[in-house]
Amino acid sequence: MELKIYHAFWGMDGSLREKMERAARHGYDGVEGPLPSPHEENEFNELREEWGLGYIPQIYTHDHHEESFLEQVERAVKFRPLLINSHSGKDYWGEEEQDRFFANAVQVEKQFGVPIGHETHRGRTMFTPRSTARLLRTFPELRITADYSHFTCVCESLLHDQEEDMSIVMERTIHLHARIGFEQGPQVPHPAAPEYAYALERFEGWWETILHRRKMEGHHVTTMTPEFGPPGYMPRIPYTGQPVADLFEVNQWMAGRVRERFQNG
């Protein structure tokens with residue numbers, strides 16, 4: 001199985017050309033980020049072709065969630081993505097509203113024929129292992145973008161007491177966000193810091209399980225995006241407001257770590 005590493009646009013400075021060139025020159029297989037604005041579409045596609053980069057669109061449901069989901073999927077498929085990453089629904093929805101949205105989402109995915117990973121994310125319907133697992137049991141065709149840093153933050157734990165729910169979440173994961181969270185936040189200051197080695201080990205254990213399972217199931221490709229965030233995800237030094245680490249370097253470190261550990265697995 002081939003592991004493809006994508007470059008996150010989130011928090012990155014520079015023009016569209018500079019960001020695409022940076023991704024290609026640092027060995028990424030593609031880029032992940034929000035849909036480009038309509039006036040950027042042509043340039044976006046030309047640059048992707050020039051640098052030979054794939055694309056994972058990020059979409060965000062809002063207001064009338066079912067309608068906004070459909071509209072954004074319709075736009076996203078025009079970029080011929082390997083998959084779509086969706087921030088879906090809201091954390092305060094009751095089960096009836098959740099089920100109505102995801103029943104529709106399954107049908108939209110079937111209509112367009114592009115895999116959709118619903119991201120495990122604070123503020124969204126899949127914000128805890130329990131809420132996510134319930135939906136996955138209700139809808140066997142649902143798939144996940146795994147950003148477990150949100151789970152560890154919301155639950156204030158590394159989830160050793162939620163192994164059963166995590167098992168089904170890992171079974172349904174089709175795309176990974178390589179960010180290390182911990183009990184008190186969605187992002188450690190730097191994943192190489194020895195004081196957070198225990199969290200790095202826990203996350204890499206989850207990723208190893210997912211990648212092994214997908215290989216055994218016969219999948220040819222799995223995608224992974226190092227996606228540490230800018231300030232305020234990134235802690236700042238008090239009074240100066242300076243971030244405690246360089247965002248690009250942090251994501252680069254994580255990409256190198258992932259390649260070393262998993263790319264030839």
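Setting aside neighbours within four places in sequence, Thr-223 is in contact (heavy atoms within 4.5 Å) with Leu-3, Lys-4, Tyr-6, Ile-56, Leu-82, Leu-83, Ile-174, His-175 and Leu-176. The model is predicted, so local features need pLDDT of at least 70 and side-chain atom pairs count only at pLDDT 80 or more, while totals for chains, interfaces and linings use all residues. Residues are numbered from 1 along each chain as its sequence is written, and side-chain values use heavy atoms, with hydrogens and water left out.

Thr-223 belongs to strand β8, residues 221–225; strands (E, at least two residues) and helices (H or I, at least four) are DSSP runs numbered from the N terminus. With a relative accessible area of 1%, Thr-223 is buried, where buried means under 20%, exposed over 50% and partly exposed in between (1.4 Å probe, protein chains only).

Beyond neighbours within four places in sequence, Gly-11 is in contact with Pro-230 and Leu-247. Between the C-alpha atoms of Gly-11 and Phe-101, which are 90 residues apart along the chain, the separation is 30 Å.

Turning to the helices, α7 (residues 163–171) packs against α8 (residues 197–216) at an angle of about 50°, with the axes 9 Å apart. Axes are lines fitted to C-alpha atoms, for helices over the stretch in contact, and angles run from 0 to 180 degrees between N-to-C directions. On the α7 side, Glu-163, Met-166, Ser-167, Met-170 and Glu-171 take part, meeting Arg-202, Trp-206, Thr-209, Ile-210 and Arg-213 of α8.
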